[in-house]
Amino acid sequence: MNRLMRIINSPEDQSEVDPLLVWSALALLLIGMVMVYSASIAFAEGSRIFGRNPNYFLIRHAIFLLIGLTAAGAAFQIPIQTWQRWSPWLFVGGIVLLALVLVPGLGRDVNGARRWLPLFVVNLQPSELMKLFVVLYAADFTVRKMNVMHSLKKAFLPMFVAMVLVGSLLLKEPDFGAFVVIISIAFGILFLGGMKTRLFAILILLLLMAFAVLIIVSPYRRDRIFGFMDPWADALGRGYQLSHSLIAFGRGEFFGVGLGGSVEKLFYLPEAHTDFLLAVIAEELGFVGVIVVIGLFGLLIQRIIMVSKQCIKLDRCFAALVAQGIAIWIGVQSFINMGVNMGLLPTKGLTLPMMSFGGSGIFVNCVAIAILLRIDWENRQMMRGRRT
Amino acid sequence: MSRKDHRFTESPVLKDQLASWRIHFVSALIFGALLALVGRAFYLQLIHEDFLQERGDARYRRVLEIPASRGKILDRHGDMLAQSTPMRAVWATADAKLDKEQLKALGDLLEMDPRQIEKKLNGDKNFVYLKHQVSPDAAARIAALKLPGIQMDREYSRFYPAGDMVAHMVGFTGKDDRGQEGVELAFESRLIGTNGERTVIKDRRGQIVEEVGSERPPQDGEDIQLAIDSKIQFIAFNALRNAVDKFNAKGGSVIVADIKTGEILALANWPTYNPNNRSQLSGGQLRNRAVTDSFEPGSTMKPFIAALALDRGKYKFDSIINCAPGKMTIGTATISDAHPHGALTLAQVIQKSSNIGATKIALGFPSEDMWTMFSKVGFGKPVGLGFPGEVGGRLRPWQTWKPIEQATMSYGHGISVTVVQLAHAYTAFARDGDTVPLSLLKTKGQVAGQPVFAPETSRQVRLMLEMVVSPEGTANKAAVPGYRVGGKTGTAHKLVGGRYANKYLASFVGIGPISDPRLVVGVVVDEPVGGHYGGDVAGPVFSEVMGGALRTLGVPQDKDSTPAALKVASTPAAASAAQANVPTGAAKKKGAH
């Protein structure tokens with residue numbers, strides 16, 4: 001107890017939650033809102049679907065943020081144990097929603113992808129929720145199978161089957177981006193939970209082969225690959241979006257053309273306020289802006305990993321894996337999104353977490369941050385000698 | 001205190017399973033990936049940016065032309081004859097999707113039916129002009145509507161304040177602001193100017209987002225100042241129109257030229273058109289007859305034969321030529337005078353316009369001499385005003401002339417000229433025997449002429465021409481009160497399908513004032529009805545135009561304006577005296593008739 005008292009009294013642990021985690025997350029959310037507004041003004045004003053209202057996306061994004069933050073407040077009240085208890089049901093619920101999206105008449109098509117469930121005024125994107133549910137489920141699964149983690153049959157196979165189910169639903173939409181993120185989360189957690197390294201290596205190999213097959217079989221994906229390899233070869237066709245994104249980066253130079261000054265967002269760069277938000281940031285705020293965004297993601301992930309390490313110290317296995325799962329999620333998704341924007345990775349539909357426009361994404365990101373803060377808060381409570 | 005000390009539950013499984021190398025490995029991957037992104041951003045934004053910006057410029061940087069304002073066309077006093085006003089052309093891109101209200105607002109401003117606009121927008125073109133020549137005011141209000149896909153280009157509208165009066169002279173421009181007729185076409189290269197350029201960045205829908213760099217301002221076209229005097233043009237135009245009306249003629253032309261400078265002070269044609277509204281335009285209206293229509297001039301040719309005769313010393317002012325009995329046969333053809341004459345002096349041949357007299361003189365010269373003289377005064381080749389469609393008439397090479405042709409040419413048949421050529425040729429009589437090049441543009445000072453006749457020859461021919469407008473001459477209706485003037489009538493049968501028909505071309509070309517010539521005026525009336533003699537039809541027009549022009553120019557009168565004081569000289573001695581404005585020997589010529 002003496003030792004514990006000393007930890008509690010150490011000055012850096014005075015606060016109830018990690019302030020850097022809170023601030024980096026809030027900074028990303030707020031920069032995201034400003035940039036979504038900037039990227040969408042002309043697009044919204046120029047389009048009749050959006051009532052020619054330049055604030056169309058800003059208003060919606062702000063409302064989503066409010067809902068997300070309210071939900072985060074509520075989620076923070078829920079003990080981690082409760083999340084753990086709910087995790088299988090949430091996972092099953094997520095699968096049901098993913099299946100509902102595919103039901104004709106229920107799911108909503110946008111640009112040839114059926115990813116949304118109309119919910120009165122807003123559209124729900126189950127794949128976004130599924131990312132959080134997979135984190136919770138995989139963490140719970142790993143904790144339950146901790147003792148048999150070496151077993152291929154008992155630990156790996158059940159998860160593999162679950163992922164085949166989820167993955168096939170996602171690819172049916174299709175939502176290749178979410179598929180990659182969710183698979184990364186699930187197997188990342190298994191790996192962190194102690195799955196045999198050799199088994200994991202084989203798994204990665206298999207996955208790479210599966211990706212290769214998918215890409216070769218589907219011409220739509222192959223097109224996107226070619227576009228990414230050399231966007232200038234067919235700059236007005238396949239490489240159109242990426243070439244405009246790259247031009248935006250080039251125009252930004254060091255300090256950017258100034259907030260609001262992007263030309264690319266003026267109908268040249270498609271999806272400027274969602275998938276290609278970073279390109280607008282790069283053009284308007286320059287290399288400096290991009291560094292700040294990458295730095296904030298880095299800081300956020302670093303803080304999450306610190307929280308997870310604290311959990312390990314406190315022997316909170318589920319919480320540790322949830323935190324690490326969320327770190328993988330945000331890390332993988334932000335890397336893929338930014339990599340796509342910069343032409344490092346093939347173009348696929350993935351938003352920039354915490355920043356891009358999209359109600360379900362913002363909502364579930366807020367809830368995930370709330371769960372992290374709850375974990376951190378419970379850690380601090382435990383270290384102060386209280387039981388939660 | 002070591003890390004292990006923190007653990008209060010000694011779970012061997014957990015310690016083993018959540019091995020810290022795994023989380024370190026994962027974080028290393030994530031941070032490595034983020035670092036790679038930083039490197040990539042650095043490359044794109046700070047190293048590769050020139051290439052990328054160039055690509056961007058190719059997509060949205062556009063060089064726009066700033067149209068240069070077309071030069072003005074002015075008369076000799078600076079009065080406006082043609083002027084460009086900036087207007088807008090409104091066009092739409094394929095993005096233009098307007099709702100009912102927007103269509104109505106646009107329709108109101110464009111003065112178009114909204115349904116018509118909608119029809120144009122719904123066409124399958126990427127680009128459609130909604131309306132040309134929209135006023136700058138309406139254009140500004142359209143721009144304020146901020147309609148998607150509705151764009152505007154600067155263009156000019158050409159306005160011709162003098163309208164139909166100077167239409168053939170000034171000409172007009174087409175929709176593209178390029179000259180199509182008249183001076184507008186002749187001086188296109190000077191009027192047009194050089195368009196400027198500005199570089200802009202456009203959004204994908206074509207709206208200009210920003211200006212890049214400095215613009216190159218347009219170089220406006222040069223103003224062209226014509227020799228035309230609007231007042232004289234007005235006089236000439238009205239006189240012509242009245243004559244055409246009175247004689248129910250097909251058309252006509254009038255030219256007034258300053259013989260000191262060669263400047264064309266007026267050039268009018270009928271029928272004409274309104275250059276500001278050319279919706280219904282026929283070729284007949286459009287034709288600048290004065291330069292494009294050549295005709296057989298008839299007796300207006302005779303003074304040249306007289307001049308040749310004087311110049312060569314073969315005849316004198318009062319040499320007698322027997323013109324009886326008013327008929328003459330050359331080969332199989334017979335030449336006759338309208339009224340038979342007896343013996344006439346050379347001057348009277350002109351005064352009475354005797355074909356027989358002219359023929360007899362002409363046949364005394366080799367055809368080559370006649371041809372050379374005709375050629376020297378400018379027949380057979382365009383005057384070279386620069387007008388589109390200018391013709392030079394017909395003057396066949398002398399080698400092919402038959403005697404009958406040489407005979408008819410002496411009184412203006414078998415040769416064709418334009419009224420501008422005639423006026424030009426008559427400058428040789430108005431000046432000291434030299435022709436002056438005619439100019440559409442205002443010139444500075446006097447111009448060197450092209451010598452044809454001896455100065456004395458010209459002086460004597462002037463006196464013959466003055467006799468024509470005396471009561472005994474063929475054109476006393478051409479006389480001008482207050483001024484001594486002279487000229488020659490022409491009454492030519494028109495050639496219709498290669499045969500001479502009973503249709504006439506009445507003309508009069510003359511000089512004034514005789515004591516110190518200043519102007520040449522040429523008048524042609526095409527197919528007059530109810531009178532066809534040049535003296536009766538074209539003479540009064542000449543009188544009105546010459547008198548009006550001389551008064552407008554403030555040329556001092558050289559004669560009492562009372563008809564009783566009419567004095568005409570008929571001998572060289574008297575002529576010399578008359579030149580000095582001393583009235584002598586007026587009675588002498590009466591006996592000569």
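Predicted model: local features only at pLDDT ≥ 70, side-chain atom pairs only at ≥ 80, totals over all residues.
Chain B contains 22 helices and 19 strands. Buried residues make up 53% of its 593 residues. Among contacts in chain B with a separation of 6 or more, 71% are between residues 24 or more positions apart. The accessible surface of chain B amounts to about 25,700 Å², and carbon and sulfur atoms account for 52% of this area.

In chain A, helix H4 (residues 80–102) packs against helix H6 (residues 152–172), with contacts between residues of the two helices. Two packed helices are described by the angle between their axes and the distance between the axes. For H4(A) and H6(A), the axes come within 9 Å and cross at roughly 30°. Angles under 35 degrees count as roughly parallel, and the two helices are therefore roughly parallel to each other. Their crossing is left-handed. On the H4(A) side, the contact is formed by Phe91(A), Ile95(A), Leu98(A), Ala99(A) and Leu102(A). The residues that they meet in H6(A) are Ala162(A), Met163(A), Leu165(A), Val166(A), Leu169(A), Leu170(A) and Lys172(A). By class, the residues of this contact comprise 11 nonpolar and one charged, with no polar residue. Lys172(A), in H6(A), is the charged one, because Lys counts as charged.

Pro271(B) is located in the loop that runs between strand E10 (264–270) and helix H11 (283–286) of chain B.

Positive phi values occur at two residues that are not glycine, Glu271(A) and Gln133(B). For Glu271(A), phi is near 60°. This residue is placed in the loop between helix H10 (240–252) and helix H11 (277–313) of chain A. Its relative accessible area is 31%, so Glu271(A) is classed as partly exposed. For Gln133(B), phi is about 55°. Gln133(B) belongs to strand E4 (residues 127–134) of chain B. With a relative accessible area of 33%, Gln133(B) is also partly exposed.

Technical notes. Residues numbered from 1 in each chain as written. Chains lettered and ligands numbered in written order. Heavy atoms only, no water. Helix = DSSP H or I, 4+ residues; strand = E, 2+ residues; numbered from the N terminus. Buried < 20%, exposed > 50% of the residue type's maximum accessible area, 1.4 Å probe, protein only. Axes fitted to C-alpha atoms, helices over the stretch in contact; angles between N-to-C directions. Parallel < 35°, antiparallel > 145°, perpendicular 65-115°, else oblique. Left-handed = near helix turned anticlockwise from the far one by under 90°. Contact = heavy atoms within 4.5 Å. Areas by Shrake-Rupley, 256 points an atom, 1.4 Å probe, with all protein chains shown as cover.
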